[in-house]
Amino acid sequence: MSETPSTRAGVVAELTIATAEGVLFRLPLAGPAARLYALLLDTVIVLGTINGLGYLVYWLFAIAPGFGFMVITLAEFAIGFAYSALLEGFWNGQTIGKRLFHLRVIDQDGLPLRIEQAWVRNLMRVLDLLPSAYLVGGISVLSSPLMQRFGDRVAGTLVIRQTPLALPGEEFWTRQKYNSFMEYPAIAMRLRRAATPELASLIQEALRRRNELAPYARREIYRELAQYLQTEISPFPDELVERLSDEQYLINSSGILFGDQPTLGYGSPRR
Amino acid sequence: MILDLERFQAQARPRWRHLECLLAAFESRPDRRLSPDEAEQLQELYAQAASDLNRVTHGSLAPELRQYLERLVARAYAELYYAPPSRSEMWQPRRWLRIFTAFPETFRRQARYFALAVLITVLGCALGGVAVRYDPASVDVLLPADYLRNPGQRVHEEEQGQGRHRHSAQMEAAFSAQLIRHNIEVALLAAALGVTFGIGTALLLFENGVLLGAVTVHYTQQGFGLFVTAWLLPHGVFEIPSILIAGQAGFYLARLLLRRQEDRNLRQSMREWLVLVTGLAMMLVWAGLMEAFFSQYHAPVLPYGLKVAVAAAELVLLTIYLLMIGQRATGIEMRHGDSLESR
């Protein structure tokens, strides 16, 4: 869960929802490992509850242990299903384990799950945990593009990863008063036209994450990016480049790509 | 088009924050209902966030920002389009009591799957019965448990045993709980095995039928027909139909999964499956109590005639319940289902 978004972008399964208004958004699906951890935690909680209840019942039914046993057996059975079904149904698709591991059950249309769905997916557990240790459910998850166990397939639900919402920081890296690249408007224009959005964003991201990168990695990345720009896209004169660090080279390029442009009065790339 | 992320973020940040606050407020509401004004406001911010997301997706490579906006849009989307049942409706006792009428209604609506379950069980019974009748050696294979193979000894033990260790209500209570739990588990499995396109459900029902047929014929051959009827029927008249209803739910599920994705009305179907499962669980609770507290008493204590009469009365009541209770016309029921969905 601590992976960076860039490393997980290609690896992790996701669900793409296309809404009626033509909005597309992706929901990252939870992998089997995270779900297993959440399940183990929930199992511990359920067993703890049942054991605690057991002591209480044995104490209450001290004169009639047979009836105590009856109550315990049925309560254990009911709690096993009701714990997940009720919590998921009334607590935004999350059990305690799921909340701690940032998982959430939702409808496969991207909406909150309904109470019937919560019951169906949890009653179907009797099948998913066969023959032992959730083998059937595990195979179902791994063979399903949406990572659904059989209970999820029948109930039309899926488990997504829901990491806390955090708006990326708003530090400004690329603004500066003087940009030496502006002295070479022709080359700057070339840079502006040739750079793809991906390349431009890559430069901006590399600068923005300056402090997250290890010094060595940062030096290497900045060197490669600057070299690529210099050789492939916009060869600025050597006497200028020699005076600049790779980082400054990128800051200048970013200023050209995104900045205000007193250069040739070329149309703004923004609205 | 290259998007200047910094400038873009600086401009859009206030409205994202606004949306975030709004969502947090709505999500913490217990009934999750929106007033028309709130819905309009949410709709506007949602549309803006969606268009911002679109620009970030196509105009730049900013995974974190994109992820943030996707989460924001997803939450707003869920809030806008989800129609929750209101608390008051949910906690109305009438809504919960409706299961008692919904169960027989659903049972009748899906009667053809019940017929299929009966057919398969009857085939199993016939096979088990015929095998034991014409090939006594098959008893060892079909009836693995020792007590099933030696009816005479078992009947003797049962009839004598109740004198030796007196049945205490406590032991019976514990026994009934185990029976209820085990039976519900098996029935649930039969209903869930519908995902194997009904094959698993059919196998389970067939096996159950074979066992039933073999035991009945074996005991009858040895002259314990009355004993076995009185022993099994008081709880069997609920237990056997409930496993058949589990089969019905399983086949219903299988039929649903065999439909094309777009033809499934998952919401309605799920409710049907759930109602059948809940109903059969209630039946099994009764069967478990009967099996522990009533079926285990034999001739000197309880005359076999009485036991069979009780079983017959139960069967009549169950039949009346399943066939007569609830609304007759299915059209009304369907309209009710629609109104539930449109809420």
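Let's begin inside helix H8 of chain A, which is where A:Asp152 sits. Keep in mind as you look around that this is a predicted model. Is A:Asp152 buried or exposed? With a relative accessible area of 0%, A:Asp152 is buried, because anything under 20% counts that way.

What does A:Asp152 touch, once its neighbours within four places in sequence are set aside? Its contacts are A:Arg35, A:Arg121, A:Met147, A:Thr157, A:Leu158 and A:Val159. If you want a distance to check on screen, take A:Leu103: its C-alpha atom is 14 Å from that of A:Asp152, and the two residues are 49 apart along the chain.

One of those contacts, A:Met147, deserves a stop of its own. You'll find A:Met147 in the loop that runs between helix H7 (135–143) and helix H8 (150–155) of chain A. Its phi is positive, about 55°, even though A:Met147 is not a glycine. A:Met147 is also buried, with a relative accessible area of 18%.

Chain B has a residue with a positive phi too: for B:Phe197, which isn't a glycine either, the angle is near 60°. B:Phe197 belongs to the loop between H11 and H12 of chain B.

A:Thr157 is the bridge partner, in E4(A), of A:Asp107. The strands E3(A) and E4(A) (residues 157–161) run antiparallel and are joined by 5 bridges. Why can E3(A) be called largely enclosed by the rest of the structure? Because 5 of the 5 residues of E3(A) are buried.

A:Arg114 lies in the loop between strand E3 (103–107) and helix H5 (115–123) of chain A. This arginine is buried, at a relative accessible area of 11%.

| Residue | Where in chain A | Relative accessible area |
|---|---|---|
| A:Asp152 | helix H8 | 0% |
| A:Met147 | loop between H7 and H8 | 18% |
| A:Arg114 | loop between E3 and H5 | 11% |

Now zoom out to the whole of chain A. It has 13 helices and 4 strands, and 48% of its 271 residues count as buried. Looking at contacts with a separation of 6 or more, 66% are between residues 24 or more positions apart. The accessible surface of chain A is about 13,500 Å², and carbon and sulfur atoms account for 63% of that.

The last stop is the second largest pocket, which holds about 1,100 Å³ of space. Which residues lie nearest its centre? They are B:Leu211, B:Leu232, B:His235, B:Glu239 and B:Glu291, out of a lining of 30 residues. Several helices of chain B each supply at least two lining residues, among them helix H9 (146–149), helix H11 (169–192) and helix H14 (266–295). H13(B) gives the largest share, with 11 residues. Sorted by class, the lining has 17 nonpolar, 9 polar and 4 charged residues.

Note on methods
Residues numbered from 1 in each chain as written. Chains lettered and ligands numbered in written order. Predicted model: local features only at pLDDT ≥ 70, side-chain atom pairs only at ≥ 80, totals over all residues. Heavy atoms only, no water. Buried < 20%, exposed > 50% of the residue type's maximum accessible area, 1.4 Å probe, protein only. Contact = heavy atoms within 4.5 Å. Areas by Shrake-Rupley, 256 points an atom, 1.4 Å probe, with all protein chains shown as cover. 1 Å grid on protein atoms, 1.4 Å probe; cavity = no way out; pocket = protein on both sides within 12 Å on 5 of 7 lines; lining within 4 Å. Points joined across faces, edges and corners; volume = space filled by probe spheres on them. Nonpolar A, V, L, I, M, F, W, Y, C, P; charged D, E, K, R; others polar. Pairing = 2+ DSSP bridges.
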